[in-house]
Amino acid sequence: MIDFSIIIPSFNKSGYISETIDSVLSQSYTNLELIVVDDGSTDNSLEIIENYCTLDKRIHLYQRENLPKGGSACRNIGLEIAKGKYIIFLDADDVLISDCLKQRLSNIKMFPHHNFWVFPIGTFYKTLGDSKSRWIPVGTNFLIKFLKHELPWQTMSVVWNKNYIRALNGFDTDYLRLQDVELHTRALLGKVSFKTFPKNKIDAFYRIDDQRTTQNLEQKLTKQMNGVILYLEKTSILLNTNIEKKAIKGTLFGFLTYLNYQCFIITNRLELHKKIFDSLTVNICSLDILKKNDLRFLNLYSKYYKNGFWKLKGYNYLMKSIFIKI
């Protein structure tokens, strides 16, 4: 039986996909299959992947033919056809360290009776080591962390028990952003058993280089906003305690901070900020978790941010803490 099924959704990643596949093929633990689900690429990604398939029979290419497009749908296709006992989801520009699977399996075997296992990962821009940002699953109340958008781990951090994630119905295909956040939140809201390994060494790297996407700023902000709105709408009705309902407001605040930073500091696009902010408030004003004072507070926060208060140490943290407690 195959131990690991590694699933990669791919769309126009010809500049990155080889490095990702090479990192899988270089694993010291070899009992694996690699499933690449292409989402209608128009570059030479398919040619590259097909060439790998001829070189290694563990690699399987699945080409999507029907809409809707999206990474979540691709991951679910891979999950449906996977033969491995354990599932790992990668993006088409991620990189695994050569002993990643060996070390993860060793830890899993010490704690076998769980639904998923979480490991530390790093980030990089163009080459490994050029970023110090990491995801370390430290702490206990991970549900609250996800609701606040203080994310303790990322998609590739997790090894899933295949039977469990299939029972969870995989990714929600309505999401074009926050797919992994929604999945992990949904898992943590249910009856789930999992194990984290915060002291393990970094065994995988997530690419954060902005050049990996061709979207312009408005497209990026709009998709992120839509993901946040959907997350608030779908997840808030599943929450049971006031602590959870207050915590999820952190996801909204986190997006607004990103919007403020991009439009006020990086690009000085005030009209775009107003457009996105107005659309956001119209779509969230009816949510039960929010009150009129919340929207007034967000407007005030953005006004002060624009006027330079973001330069004050701890400003964003303080304002987020106040907003969550309102």
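Student: How far apart are the mean positions of the positive and negative charges?

Tutor: They lie 9 Å apart. The protein has 44 positive and 32 negative charges. Keep in mind that this is a predicted model.

Student: And the surface, how much accessible area is there?

Tutor: About 15,900 Å². Carbon and sulfur atoms account for 52% of that.

Student: What share of the residues is buried?

Tutor: Of the 326 residues, 52% count as buried.

Student: Switching to the fold. How many helices and strands?

Tutor: There are 13 helices and 11 strands. The radius of gyration is 20 Å, close to the 20 Å from the globule rule for 326 residues, so the protein is as compact as a globular protein of that length.

Student: What box do the C-alpha atoms fill?

Tutor: Roughly 60 × 45 × 40 Å, along the principal axes.

Student: What about contacts, what fraction joins residues at least 24 apart?

Tutor: It is 79%, counted among contacts between residues at least 6 apart in sequence.

Student: Now strand 9. Which way do its side chains point?

Tutor: Strand 9 covers residues 158–161. Val158 and Trp160 point one way, Val159 and Asn161 the other. In a regular strand, side chains alternate between the two faces of the sheet.

Student: Are those four buried or exposed?

Tutor: Val158, Val159, Trp160 and Asn161 are all buried.

Student: How does strand 4 pair with strand 9?

Tutor: Antiparallel, over two bridges. Strand 4 is residues 86–89. Tyr86 has Asn161 of strand 9 as its bridge partner.

Student: And how many bridges join strand 6 to strand 9?

Tutor: Three, and the two strands run antiparallel. Strand 6 spans residues 116–118. Phe116 stands opposite Trp160.

Student: Strands 7 and 11, parallel or antiparallel?

Tutor: Parallel, over three bridges. Strand 7 is residues 121–124 and strand 11 is residues 204–207.

Student: Which residue of strand 11 does Thr123 stand opposite?

Tutor: Thr123 stands opposite Tyr206.

Definitions and conventions:
Residues numbered from 1 in each chain as written. Predicted model: local features only at pLDDT ≥ 70, side-chain atom pairs only at ≥ 80, totals over all residues. Heavy atoms only, no water. Rg over C-alpha atoms; globule rule 2.2 N^0.38 Å. Buried < 20%, exposed > 50% of the residue type's maximum accessible area, 1.4 Å probe, protein only. Contact = heavy atoms within 4.5 Å. Areas by Shrake-Rupley, 256 points an atom, 1.4 Å probe, with all protein chains shown as cover. Lys, Arg positive; Asp, Glu negative; His and termini not counted. Charge placed at Lys NZ, Arg CZ, Asp CG, Glu CD. Pairing = 2+ DSSP bridges.
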